[in-house]
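Welcome! Here is a short tour for anyone meeting this protein for the first time. Take a look at the sequence and the model, then read on.

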Amino acid sequence: MIPRAQLLAAADRFGTPLYVYDAAELDAALERVRAAFGDARVFYAMKANPNLTLLRRMQAAGVGFECVSAGEIARAEQVGAGGDGVLVNGPAKSVEEYAAGARLGATFIVDRAEEVGLLPPGSRALVRVNPALSVSTHDHLATGAAGSKFGVTPGQVPGVLAALGKAGHDARGLHVHIGSAIRNAADFSAAFARLAELHGQTGDLEVLDVGGGWGVDADLPGIAREARAAASVFGAALWVEPGRYLVARAGTLLTRAVGTKRTGRNFLLTDAGMTELLRPMLYGAQHPVTALWDGEAREVWDVAGPACESGDLLARDVALPEPAPGALLAVGEAGAYGASMSSTYLTRPRPAEALWDGQEWTLIRRRETPQDVWAAEVEVVGS
Ligand code: LLP
């Protein structure tokens, strides 16, 4: 936990909206993963938060990276990852992504049969299986459901493994990722069991990669037990790909009250909104909002951002003490898919990011300027 006085100091020093991260919680989350999953190989799904300083910390701790774009592969390379430390995934990989992955010696996660013919010669590969299960999360976050665009059907697995071998690739094993922000351990058990059933057709494998998707309060030891059981059926090494779990709780979005409005509902207007944290609007995600000022909470407030969209609400019905302009709010569990999904809509420069190491603050991303936002535009005057 970052002390309140330090949150106030960071907002004064770096301005708001501001993403702040607690290094101790980053370390603690990785420790919890390692305690639960033992010697499983951990690949951080960097889409959750690709800040280079966070990647450097993970790299130093022996964590690999799951990448889903040429940009993410470039980030892995930038922090010195390569070989068995890089996975290249995605349902529609580009020619550039195959080439960049091959240059790093990455393992590719094959998402469809046609990919066998697209992989660079002699590629290392896992086959992604869609177990066709319904999962207890928001529809947009379920990736292992029948009808989702991800993976091959269990019935296609033996054929794709055989085709990989025939084409001279190294078919290392299977991959499954059923979705994100999943709280119900039974969803994972069902998916891993579905994979284990395939052993009769595949025989033993080198790797079983069970993806990520763990909610921040998921039962990691329970999920790990089921994952290990499935891996042992194949005599395989266990790989995992957590994103959210490793960074969500470490991150907080700091935003200042701009003012209030009473229209039958109480609006607390803030300097952050959908451009900084899209998850409440896109998935109905609930992030805890805390007042960093004192007073008794007598009313509930809708915390609304500055965008010209009615959906720009960070939270509804939050009990808060009467806010004064400039008062600081902390939006919690924002370390995953917060900064990484922030946008420059409305030419709003993306926020700064700072890391608290228990002693001092380090700026790990400067605040963008409007000029940064339009830097790639070509300004044709008078044409
Ligand atoms: N592995 C694969 C193949 C994935 O597609 C993902 C996430 C992960 C691992 C990491 O999942 P995690 O442990 O973070 O749940 N923008 C959404 C989340 C989308 C996740 C996409 N894939 C959100 O804000 O909740």
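Predicted model: local features only at pLDDT ≥ 70, side-chain atom pairs only at ≥ 80, totals over all residues.

Domain 1 covers 4-19 + 248-371, while domain 2 covers 23-247.

**Where the domains touch**
- Domain 1 puts 19 residues into the contact, and domain 2 puts in 19 residues.
- On the side of domain 1 that touches domain 2, strand 16 (352-356) and strand 17 (361-365) each supply at least two residues.
- Strand 16 gives the largest share of that side, three residues.
- Sorted by class, that side of domain 1 holds nine nonpolar, five polar and five charged residues.

**The largest nonpolar core**
- This core has 113 residues, and the members touching the most others are Val20, Val127, Leu208 and Leu238.
- Its largest share, seven residues, comes from helix 9 (residues 220-234).
- Both domain 1 and domain 2 give residues to this core, so it lies between them.
- Leaving aside residues up to four places away in sequence, Leu238 touches Phe37, Ala40, Leu208, Val210, Ala227, Arg228 and Ala231.

**Around the ligand**
- There are 23 residues around the ligand, and those that come nearest are Ala45, Ser180, Gly212, Gly243 and Tyr337.
- Helix 10 (244-247) and helix 11 (279-283) each provide at least two residues of this shell.
- The shell is made up of 11 nonpolar, seven polar and five charged residues.
- The shell around the ligand lies between domain 1 and domain 2, because both give residues to it.

Methods. Residues numbered from 1 in each chain as written. Core = buried A, V, L, I, M, F, W, Y, C linked by C-beta atoms within 7 Å. Buried ≥ 20, exposed ≤ 12 C-beta atoms within 10 Å, placed from the backbone. Helix = DSSP H or I, 4+ residues; strand = E, 2+ residues; numbered from the N terminus. Domains from an automatic or database assignment. Contact = placed C-beta atoms within 7 Å. Near = placed C-beta within 6 Å. Nonpolar A, V, L, I, M, F, W, Y, C, P; charged D, E, K, R; others polar.
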